[in-house]
Amino acid sequence: LKHKSDEFGAPPRKELEGVLAKHDLNVDMALKELASSHTLLTDKDFLMSAGQPNKDDVQRALTSAAYEYEGAKALLLHVSQLKVETERWGAPSREHIEETLVAAGLD
């Protein structure tokens, strides 16, 4: 991981060890998570269109999307859109949010 860390922003050793431990020392999964997370958190256009999700939002989306960049990106964009609609029309029910996400293939 340390050898490839330039590709995903050179996280500190403690973060690398934490990601490895979370994936039971599976280097491929750890690399996938770190690379996807770094890409999401450094893509300025995406962050603007997704309502500036923070690191915790990104991590939840990555976990939900099995650490796939495109799936996490789509999920965060949908969540951002739901927030915009909530501000405009009032808070939708949890069921409506779940139906919208499932319909978009983001369950």
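## Overall architecture

The protein chain contains 6 helices and 0 strands, where helices (H or I, at least four residues) and strands (E, at least two) are DSSP runs numbered from the N terminus. Along the sequence, the pattern reads α-α-α-α-α-α. This is a predicted model, in which local features need pLDDT of at least 70 and side-chain atom pairs count only at pLDDT 80 or more, while totals for chains, interfaces and linings use all residues. Residues are numbered from 1 along each chain as its sequence is written, and side-chain values use heavy atoms, with hydrogens and water left out.

The C-alpha trace of the protein chain spans about 50 × 25 × 20 Å along its principal axes. Of the 107 residues in the protein chain, 30% are buried; buried means under 20% relative accessible area, exposed means over 50%, and partly exposed lies in between (1.4 Å probe, protein chains only). Among contacts in the protein chain with a separation of 6 or more, 48% join residues 24 or more positions apart, a contact being heavy atoms within 4.5 Å.

## Packing of H1 against H2

Two packed helices are described by the angle between their axes and the distance between the axes. For H1 and H2, the angle is about 125° and the axes are 8 Å apart. Axes are lines fitted to C-alpha atoms, for helices over the stretch in contact, and angles run from 0 to 180 degrees between N-to-C directions. H1 is therefore oblique to H2; angles under 35 degrees count as roughly parallel, over 145 as roughly antiparallel, 65 to 115 as roughly perpendicular and the rest as oblique.

The crossing of H1 and H2 is right-handed. A crossing has this hand if the near helix is turned clockwise from the far one by less than a right angle, and is left-handed if anticlockwise. On the H1 side, the contact is made by Glu15, Leu16, Val19, Leu20 and Lys22, and on the H2 side by Val27, Ala30, Glu33 and Leu34. These residues divide into 6 nonpolar, no polar and 3 charged. In this scheme Ala, Val, Leu, Ile, Met, Phe, Trp, Tyr, Cys and Pro count as nonpolar, Asp, Glu, Lys and Arg as charged, and the others, Gly among them, as polar.

## The loop between H1 and H2

Asp24 is located in the loop between helix H1 (13-22) and H2. Although Asp24 is not a glycine, its phi is positive, at about 50°. With 70% relative accessibility, Asp24 counts as exposed.

Leu25 also lies in the loop between H1 and H2. Its phi is positive at about 65°, although Leu25 is not a glycine. The relative accessible area of Leu25 is 64%, so the residue is exposed.

## Packing of H2 against H4

Helix H2 (residues 27-42) packs with helix H4 (residues 55-64) at an angle of about 135°, and their axes are 10 Å apart. H2 and H4 are therefore oblique to each other, and their crossing is right-handed. Glu33, Ser36, Ser37, Leu40 and Leu41 of H2 meet Lys55, Val58, Gln59 and Leu62 of H4. The residues of this contact comprise 4 nonpolar, 3 polar and 2 charged.

Ser37, a residue of helix H2, counts as buried because its relative accessibility is 10%. When residues up to four places away in sequence are not counted, Ser37 touches Val58, Gln59 and Leu62.

## Nonpolar cores

The largest nonpolar core has 16 residues, and those with the most contacts inside it are Leu40, Phe46, Leu62 and Ala72. Such a core is a set of buried Ala, Val, Leu, Ile, Met, Phe, Trp, Tyr and Cys residues joined through side-chain atoms within 4.5 Å. Helix H3 (44-49), H4 and helix H5 (69-89) each supply at least two residues of this core. H5 provides the largest share, 5 residues.

A second, separate core of 7 residues includes Leu16, Leu20, Leu31 and Leu34. Ala72, from the largest core, is in contact with Leu40, Ala61, Leu62 and Ala65, leaving aside its neighbours within four places in sequence.

## Positions of Gln52 and Gly105

Gln52 belongs to the loop between H3 and H4 and is exposed, with a relative accessible area of 51%. Gly105 lies in the segment after helix H6 (94-103) and, at 55% relative accessibility, counts as exposed.

Gly105 and Leu75 are 9.3 Å apart in space, C-alpha to C-alpha, and 30 residues apart in sequence.
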